[in-house]
Amino acid sequence: MRTFSKGLEGVIAAETKLSFIDGEKGVLEYIGIPIGDLASHSTFEETVYFLWNGRLPTRGELNEFTTTLRSRYDIPGGVESLLKTIPTTAEPMHAVRTLVSALGLHDPKPNAIDIPGIRDRALSILAQTPTLLAYFHRHRQGKPLVRPDRSMGLSENFLYMLNGTKPTAAMVKALDVCLVLHTDHGLNNSTFTTRVIISTESDIYSAITGAIGSLRGPLHGGANEGVMKMLNAIPSVAACEAFIQDKLAKKDKIPGFGHRIYKAYDPRATHLKVLAKQLAADTGNMELYEKSTAIEAVMNREKAAKGIYPNVDFYSATTYHCIGLPLDLFTPMFVIGRVGGWSAHAIEQLSNNRLFRPDVDYTGPHGVAYTPIEKR
Ligand code: ACO
């Protein structure tokens, strides 16, 4: 049977036990647990363990998992040397895509795709992606690298390596909640990319490198940077209405709004809105938060009837800004979190693999006469 759906809308391309989305009701669950419960009670490390193993860990299992993860924070020396050759003007998303790919060059068995092999490599990529990003950020600023501290969890250690100072508990918690909320989300574009690549029985480095390329796009994970640029471009809360109306009149899309699956409020945005408000109040960024709610109010009036609501990227922009992250590290935060989900999907795909190979509808001509080059 051949069916066509532009952008594969409505097409079921895989089975998963990882995350469930009800786009009409605004529900997201990881293996049955509502996302809000995980954001409130779990850590990023525990959430990844949960997705990779299909159940929450005992205290002992979590300790073992985090200890192994922390033991892998350091990146290979060859990757560090390569990192130092990257132009300081490069975007972090381009840098991290190249560096994750380079991790595979220093793995004696990069092609191991048996399930233990994939899990082992995914654990290293999960542990080292924050190091790659923090090191690149220090390198481009001309600052000395700050080595990982294995006494710290992934979020705390990342902020420590980035800034060279121990972050506050509130900042660590905020980043950790963001990572939990970004870990998995059905067959989004970058997760689909992961599954497509691994379905050829290629390797996990190729799959995650491809996924990072997919995530970078402004229609996907790149939207959080678009949101921040928009917030920066609007001079005041009072100017939000005219700014948005002007963009809508030009048929521009407003970054951080709309979703292929959600036609209700994205439950991740619900959680991030609360977090953004608290952080904005704590860090003197209330105007940024108020601009966001003013934009939401206009969009609510103009577009909610069409099912266009804030998505995960809208309030994550304010949240990341309040954590003190520079704008071009917003989408890389999505990478750190989503490595957990991409890896879970690679494991799931390989557990019951079939090559992805859809068809196309050919719309070109037939029977065209070949014209020799001298007669063209
Ligand atoms: N602002 C204004 N109008 C919008 C928006 C928006 N953000 N999003 C969708 N619409 C409108 C479109 O103009 C279109 O209107 P029309 O029917 O009158 O032509 C209609 O809603 C359907 O939009 P599509 O782009 O066809 O929907 P699609 O499912 O293909 O795209 C997408 C979803 C890409 C997320 C879209 O909503 C968008 O571009 N949003 C802005 C970028 C963004 O925030 N991306 C992050 C998504 S979440 C994530 O990936 C992490």
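User: What's the radius of gyration taken over, and what's the globule rule?
Analyst: The radius of gyration is taken over C-alpha atoms, and the globule rule is 2.2 Å times the number of residues to the power 0.38. This is a predicted model.

User: What does the rule give for 376 residues, and what does the protein have?
Analyst: A compact globule with 376 residues would come out near 21 Å; the protein has 22 Å, which agrees. Along the principal axes, its C-alpha atoms fill a box of roughly 70 × 55 × 50 Å.

User: How many helices and strands?
Analyst: The protein has 16 helices and three strands.

User: What about α7 and α8, at what angle do they cross?
Analyst: Roughly 115°, with the axes of α7 (residues 154-163) and α8 (residues 169-182) coming within 8 Å. The crossing is right-handed.

User: Which residues meet there?
Analyst: On the α7 side, Leu154, Ser155, Glu156, Phe158 and Leu159; on the α8 side, Met171, Val172, Leu175, Asp176 and Leu179. By class, that contact has seven nonpolar, one polar and two charged residues.

User: Switching to the core. Which residues touch the most other members?
Analyst: In the largest nonpolar core, with 102 residues, they are Trp52, Phe158, Ile295, Ile323 and Leu325. Phe158 is also one of the α7 residues that meet α8.

User: And what does Trp52 touch?
Analyst: Beyond four places in sequence, its contacts include Phe65, Arg119, Leu123, Gly340 and Ile347.

User: Thr194, buried or exposed?
Analyst: Thr194 counts as buried because its relative accessibility is 0%. Thr194 is in helix α9, and contacts Ala207, Ala211, Trp342 and Ala346, leaving aside neighbours within four places in sequence.

Technical notes:
Residues numbered from 1 in each chain as written. Predicted model: local features only at pLDDT ≥ 70, side-chain atom pairs only at ≥ 80, totals over all residues. Heavy atoms only, no water. Axes fitted to C-alpha atoms, helices over the stretch in contact; angles between N-to-C directions. Helix = DSSP H or I, 4+ residues; strand = E, 2+ residues; numbered from the N terminus. Left-handed = near helix turned anticlockwise from the far one by under 90°. Contact = heavy atoms within 4.5 Å. Nonpolar A, V, L, I, M, F, W, Y, C, P; charged D, E, K, R; others polar. Core = buried A, V, L, I, M, F, W, Y, C linked by side-chain atoms within 4.5 Å. Buried < 20%, exposed > 50% of the residue type's maximum accessible area, 1.4 Å probe, protein only.
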